[in-house]
Amino acid sequence: MAVPAVLAASQCDEWSPCYREGYCNSSAMFCMWGLCDSTQSYNSTSCWQPETCTTQTVDFTSSSDAISINSYKGNPADNAFVSVFDPDYSSVANGNLVLSMKYDAAQNKGFGATVDASHTFLYGKATARVKTASVAPGVVSSFIFRSDVTGDEIDFEWVGKSPAQVQTNFYYRNVLNYQQMIPHTMADTSADFHDYSFEWSKDKIVWSVDGTAIRTLNRADTYNAATNTYAFPDTRGRVAFSIWDGGNSGAQGTADWAGTPTPWSASTVYSMYVDSVTIECSGSDAASSSPAGGDQPSATDGGEPGSTNAGTDGSGSPTDTPSQQKCIPRPTIVY
């Protein structure tokens with residue numbers, strides 16, 4: 001078997017082959033598809049391949065349904081969701097995925113949680129039964145699809161200043177057009193669970209609440225004659241949930257949107273709850289089901305919204321220093 005050559009632009013070595021935002025490592029936080037930069041990693045097979053979409057319902061009755069990315073070994077059949085922040089303020093409790101936000105005195109704002117699906121998704125239907133954290137101004141809860149590779153996104157978002165409202169939006173290639181947001185008035189979203197769905201095909205996206213469609217976006221209506229493009233999400237990504245502090249974000253537009261200031265005391269905790277998630281994959285979703293690294297030889301053969309919550313939306317860059325641990329390719333997965 002031919003050994004892939006070391007990339008000319010590689011910033012990494014065989015011991016920590018996966019590159020992400022200035023750092024090299026061998027863990028899932030650096031090697032997962034969508035997080036790993038394949039252009040600066042050790043070689044062409046260092047980054048894990050995208051995982052096949054799998055039709056499934058996750059009801060969060062097992063603690064293994066969602067784990068810290070620091071513990072994730074790369075098999076989505078073992079863990080349906082991974083929490084990507086450290087410290088990790090997500091948990092599985094009482095049959096729910098719980099995402100919490102606590103006060104960070106050093107930043108004078110809340111430190112939240114983001115939980116990503118371990119499988120990728122390209123067309124199909126995603127349904128989540130959610131009770132939001134819209135109990136105070138500034139608290140933002142979300143259920144989204146996002147591609148960290150292209151910036152395509154499909155959103156349900158809830159802001160604390162409007163608990164009886166859900167907002168829908170979409171983004172194409174990371175262009176943040178807030179004018180595309182459409183709100184929908186409903187019962188208090190923090191008082192009870194509701195089913196939120198988006199059904200996504202090559203031609204349209206339909207957002208629904210409790211089985212009733214509240215918005216339809218047709219691809220044909222997104223055509224931009226000036227650029228000869230359809231500004232319609234059409235690339236692979238992951239379903240995700242998050243909670244973050246919009247009221248104390250430091251960005252005035254975000255604060256006005258979410259409500260401000262976010263009320264905090266040393267003991268305040270805000271939480272959103274996900275009772276279940278159902279993913280129904282489209283027949284056209286044919287991602288590679290190769291394990292991480294594909295046929296990668298061993299290292300000895302030469303083969304808006306990270307770990308810090310640094311961003312205003314609760315996202316951040318990894319700050320782990322490279323560990324001197326051999327990269328162990330993800331095990332072969334049988335679906």
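**Stop one: cysteine 36 and its partner**

Select cysteine 36: with a relative accessible area of 13%, this residue is buried. Keep in mind that you're looking at a predicted model. The link of cysteine 36 and cysteine 47 is left-handed, at -65 degrees about the S-S bond. Both cysteine 36 and cysteine 47 sit in the loop between H1 and strand S3 (56-58), eleven residues apart. Cysteine 47 counts as buried too, at 8% relative accessibility.

**Stop two: back toward the start of the chain**

Next, pick cysteine 12 and cysteine 24, which are joined by a disulfide (S to S 2.1 Å). Is their link left-handed or right-handed? With -80 degrees about the S-S bond, the link of cysteine 12 and cysteine 24 is left-handed. Cysteine 12 is in the segment before strand S1 (18-20) and cysteine 24 is in strand S2 (residues 23-25), so this pair ties together parts twelve residues apart in sequence. Cysteine 12 is buried at 10% relative accessibility, and cysteine 24 is buried at 9%.

Now try cysteine 18 and cysteine 31, another disulfide, with 2.1 Å from S to S. The link of cysteine 18 and cysteine 31 is right-handed, at 100 degrees about the S-S bond. Cysteine 18 belongs to strand S1 and cysteine 31 to helix H1 (residues 28-31), so the pair ties together parts that are 13 residues apart in sequence. Cysteine 18 is buried at 0% relative accessibility, and cysteine 31 is buried at 0%.

How many disulfides does the structure hold? There are four. Count the bonded cysteines along the chain and the pattern reads 1-3, 2-4, 5-6, 7-8.

**Stop three: the cores**

Select Phe81, Phe143, Phe198, Trp200 and Phe241: these have the most contacts inside the largest nonpolar core, which has 46 residues. Then colour strand S21 (residues 269-281), which supplies the largest share of this core, five residues.

**Last stop: colour by confidence**

The mean pLDDT of the protein is 86, with 84% of its residues reaching 70 or more. Select residues 286-335, though, and you'll find pLDDT below 50. Beyond near neighbours in sequence, this stretch has 146 contacts in the model.

Key
Residues numbered from 1 in each chain as written. Predicted model: local features only at pLDDT ≥ 70, side-chain atom pairs only at ≥ 80, totals over all residues. Heavy atoms only, no water. Core = buried A, V, L, I, M, F, W, Y, C linked by side-chain atoms within 4.5 Å. Buried < 20%, exposed > 50% of the residue type's maximum accessible area, 1.4 Å probe, protein only. Helix = DSSP H or I, 4+ residues; strand = E, 2+ residues; numbered from the N terminus. pLDDT = per-residue confidence, 0-100. Contact = heavy atoms within 4.5 Å. Disulfide = S-S within 2.5 Å.
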